[in-house]
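Hello,

Here is the structure I am passing on to you. My notes on it follow below.

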Amino acid sequence: MQLAVELEKVSFAYPGGPEVLGRVDLNIHAGEFVTIAGPNGGGKTTLLRVALGLEEPVSGTARLFGEPADRVRDRYRIGYLAQRTRLGIDAPASVGEVVTSGRVARRGLLKPFGRADRDAIAEAIARVGLEDQASTPIQRLSGGQQQRAFIAKALAGEPELLVLDEPTAGVDVDAQEAFGAFLGELHQALGVTILYVSHEFGAVERFVERVVLVRGGIVFDGPPAELPAHWHDPSHVHP
Amino acid sequence: MFILDADFMQIAFATGAVVGVLAPAVGFFLVQRQMSLIGDGIGHAAFAGVAAGYLLDVSPVGAALVAATLAAVGVEWLRSRHRAAGDQALALVFYTGIAAGVVLVSAAGALNANLFSFLFGSILTVTWSDFTLVAILGAVGLGIIALLYRGLVAVALDEEGARVSGLPIGLLNVVLAALAGITIAVSMRIVGILLIAALMVLPVIAAGRVGTSIRSTILLSMGIGLLSVTAGLTISYYGNLAPGGAIVLLAAGFAVAAVAGAPFLNRTR
């Protein structure tokens, strides 16, 4: 199966700082739903940034879709949901405008939108169940709906890899559960590769195929059922 | 005498109309990216440009255009390369600009009324050739915004996401910074260097409380900017007041009214 993300003996340290990641090996296959978890400061966000080509490793190689991660040509193949605090949820934007902004990279900066673009945007909005709120200002939506609007933005580019960075930070447990179930359905329906990065992974534990725990390096990589009991997310208890 | 009978008022209204729509259009993207104060920093660099223009005996507006654009791109470079935090980069340009301006003004012996017209705006000193330059630069600025609109919106809403998906963030940020520099330079004759940043921010604050989309907010902010400039010029003409102050006080009034009235408006929607 084709590899979406490939890290080989990757080490990373910020200039003048201690090593954050040491000789990390990680392969994520196309179509997998994987959570990258670990304590704050454990290096999971750094691992994500290296995997996406936003940071250059000190040693080792990072590849995306088989190409060097920092030189991937068609980056629109990546759909990205940033941490809530970094999103423009206070902007006076409508849901439609937010989702449309996720299509720009695939279409190209200067090319006008065509029918295929408009269809993809409408489909992304419908996929998250916000078709009746396409004209609604994003500020007037609930936190969960805002999150769905930005998921639709990531989907509008028809990505092959969907990356979510701490998507449930600051969201209550019930909303996290609903979001986890939604991602499970999305993965089933689209077959897209999902990389879910969070220190709170309990909401998606039932849906992911692999849990990767990062603490300076990878300390666990396997199916959730094999995760040692003391590493489970205590904020979510599933029967 | 009717206000438009005076040739200088025709020039002031024509120039002011360009400034009134351009400044909020550029300002919208600065406000969304929490860079509202960049206009102040660039304005001080423009002051150094005006002073350099006097010293070198070249067009003060042209020299200010170069200084403001270089300063804006410099702030963006410092910020994006993490050489300095955003507010530190701004402080560096802010203080360097005002200090260089003071030194150059004293060297040129130009501490006179004409210099004050750049600082506080003047409707008497604007010429048709100034208007031609303002109109050309204004059209270029609005044209660039229209051309890059979707990309600028994508960065305003989610810079990290736009970067990951491959949009040329560096280019878009430099273009936005350069647009801010151009706006400052073309606006200073009417509004004044010390107050132009307000016209980039206050109409956007007002429109942001009322608008229901980015498009409607930008158009509304341009309308508020235009109204503030034309009404401010009229008041300054009949009241013999500095136009920059009158324009900005009106824009501030719109912003205060929108902030105060927004909760009532939202309740009725």
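Of the 239 residues of chain A in this predicted model, 49% count as buried, that is, with 20 or more other C-beta atoms, placed from the backbone, within 10 Å of their own. The model is predicted, so local features need pLDDT of at least 70 and side-chain atom pairs count only at pLDDT 80 or more, while totals for chains, interfaces and linings use all residues. Residues are numbered from 1 along each chain as its sequence is written, and chains are lettered from A and ligands numbered from 1 in the order in which they are written.

The C-alpha trace of chain A spans about 45 × 45 × 35 Å along its principal axes.

In chain B, helices α6 (residues 128-147) and α9 (residues 169-187) pack at an angle of about 155 degrees, their axes 10 Å apart; axes are lines fitted to C-alpha atoms over the stretch in contact, and angles run from 0 to 180 degrees between N-to-C directions. Helices here are DSSP runs of H or I with at least four residues, numbered from the N terminus. The angle makes α6(B) roughly antiparallel to α9(B), the term for angles over 145 degrees. Among the residues that meet are Val134(B) and Leu137(B) in α6(B), and Val175(B) and Leu179(B) in α9(B); contact requires C-beta atoms, placed from the backbone, within 7 Å.

Between the chains, the contact takes 23 residues from chain B and 22 residues from chain A. On the side of chain B that touches chain A, α7(B) gives the largest share, six residues.

Regards

Key. Contact = placed C-beta atoms within 7 Å. Helix = DSSP H or I, 4+ residues; strand = E, 2+ residues; numbered from the N terminus. Buried ≥ 20, exposed ≤ 12 C-beta atoms within 10 Å, placed from the backbone. Parallel < 35°, antiparallel > 145°, perpendicular 65-115°, else oblique.
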